[in-house]
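User: Hi! I have a structure open and would like to talk it through with you. Can we go feature by feature?

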Amino acid sequence: MTVVRHEHPYLLHDAILEQPSLIERALAANRDKISRAVDAVAGRCRFIFVGVGTSYHGALTAERWMRQQSAGRSDARAEEAFELVHSPLELGRGDVVVVLTHTGATPDSLEMLRVARAAGP
C-alpha cells in the first residue's frame, strides 16, 4: 500500500522533530522515579552503560551525555554486553550499571544485570 504524504517524504524526519516533546513528556511523567534514581546514585564513582545492538548505541549516547553533563568529572563508559560478560570489569559498591534493552530478554544483558546485582547496591 502506497502512503501519500503531503509533508516531508520521510517518516523518520517527523520522528526526529517529535523527540523534544516526547522526551519532555517522558520526564514529566516519571519525575518521581527519576528523583529516586538520582538519589540512589548520588556519590557513585563510575557509570557503566551496557547494551547490545541499537541498545549499545543508546549506551554510547548515555556515556557521551554523562561526560558532557558532568564536564568530564564522571567516569562514564559504554560497554557491549557480550564483551563485558566475557571480559568482565571488577564491579564495586561505587559503580552504577545501567543495562539498556528493548526486550528485557537479551541473554548477555540479563547476565550483566545479574552480575551487577551480585556486586552490591
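User: Let me start with E111. Is E111 buried, partly exposed or exposed?
Analyst: E111 has a relative accessibility of 26%, so it counts as partly exposed. Keep in mind that this is a predicted model.

User: Which side chain does E111 meet in a salt bridge?
Analyst: That would be R114, with an N to O distance of 2.6 Å. R114 is partly exposed, at 48% relative accessibility.

User: How far apart are R114 and E111 in helix α5?
Analyst: They are three residues apart in α5, which means about one helical turn separates them. In general, an α-helix has 3.6 residues a turn, so residues three or four places apart point the same way.

User: Let's stay on α5. What end-to-end span should it have, and what does the model give?
Analyst: Helix α5 covers residues 107–119, and its 13 residues should span 18 Å at 1.5 Å a residue. The C-alpha atoms at its ends are 19 Å apart, which agrees.

User: Which α5 residues are buried?
Analyst: S109, M112 and A116 are buried in α5. The arc they cover around the axis is only 60 degrees, which puts them on the same side of the helix.

User: And which are exposed on the other side of α5?
Analyst: There you find P107, R117 and A118 exposed.

User: What do the buried residues of α5 pack against?
Analyst: They pack against β1 (46–51), α4 (81–86) and β3 (95–99).

User: Can you zoom in on S109? Which residues does S109 touch?
Analyst: Leaving out residues up to four places away in sequence, S109 touches V52, A81, V99 and L100. Its relative accessibility is 3%, so S109 counts as buried because the cut-off is under 20%.

User: What follows α5?
Analyst: G120 does, and its phi is positive, near 125 degrees.

User: Back to charges. How many salt bridges does a search of the whole structure find?
Analyst: Five salt bridges turn up. One of them joins D95 and R46, whose closest N and O atoms are 2.8 Å apart. This pair links distant parts of the chain, since D95 is in strand β3 and R46 is in strand β1, 49 residues apart.

User: Are D95 and R46 buried or exposed?
Analyst: D95 is buried, with a relative accessible area of 13%. R46 is buried as well, with 15%.

User: And what about E63? Which residue does E63 form a salt bridge with?
Analyst: E63 pairs with R64, and their closest N and O atoms are 2.5 Å apart. E63 is buried at 8% relative accessible area, while R64 counts as partly exposed at 48% relative accessibility.

User: Now α3, please. How many residues does α3 have, and how far does it reach?
Analyst: It has 16 residues and reaches 22 Å from its first C-alpha to its last, close to the 22 Å expected at 1.5 Å a residue.

User: Which residues are buried in α3?
Analyst: The buried residues of α3 are S55, A59, A62, E63 and M66. They sit on the same side of α3, as they cover an arc of only 105 degrees around the axis. On the other side of α3, T54, H57 and Q68 are exposed.

User: What covers the buried residues of α3?
Analyst: The cover includes β1 and β2 (75–80).

User: I also spotted Y56. Which residues does Y56 touch?
Analyst: Y56 is in helix α3 (residues 54–69). Not counting residues up to four places away in sequence, Y56 touches G51, A78, E79 and E80. With a relative accessible area of 25%, Y56 is partly exposed. The C-alpha atoms of Y56 and V99 are separated by 9.2 Å, and these two residues are 43 residues apart along the chain.

User: What comes just after α3?
Analyst: Just after α3, A71 takes a positive phi of about 55 degrees.

User: Last topic: which residues make the nonpolar surface patch?
Analyst: I23, L27, I34 and V38 make a nonpolar surface patch of about 340 Å². Helices α1 (11–29) and α2 (31–41) each supply at least two of the patch residues. V38 lies in α2 and is partly exposed, with a relative accessible area of 49%.

Conventions. Residues numbered from 1 in each chain as written. Predicted model: local features only at pLDDT ≥ 70, side-chain atom pairs only at ≥ 80, totals over all residues. Heavy atoms only, no water. Helix = DSSP H or I, 4+ residues; strand = E, 2+ residues; numbered from the N terminus. Expected span 1.5 Å × (residues − 1). Buried < 20%, exposed > 50% of the residue type's maximum accessible area, 1.4 Å probe, protein only. Arc of directions from axis to C-beta. Contact = heavy atoms within 4.5 Å. Patch = residues over 30% accessible without salt bridge, like charges linked within 9 Å, V, L, I, M, F, W, Y side chains within 5 Å. Areas by Shrake-Rupley, 256 points an atom, 1.4 Å probe, with all protein chains shown as cover. Salt bridge = Lys/Arg side-chain N within 4 Å of Asp/Glu carboxyl O.
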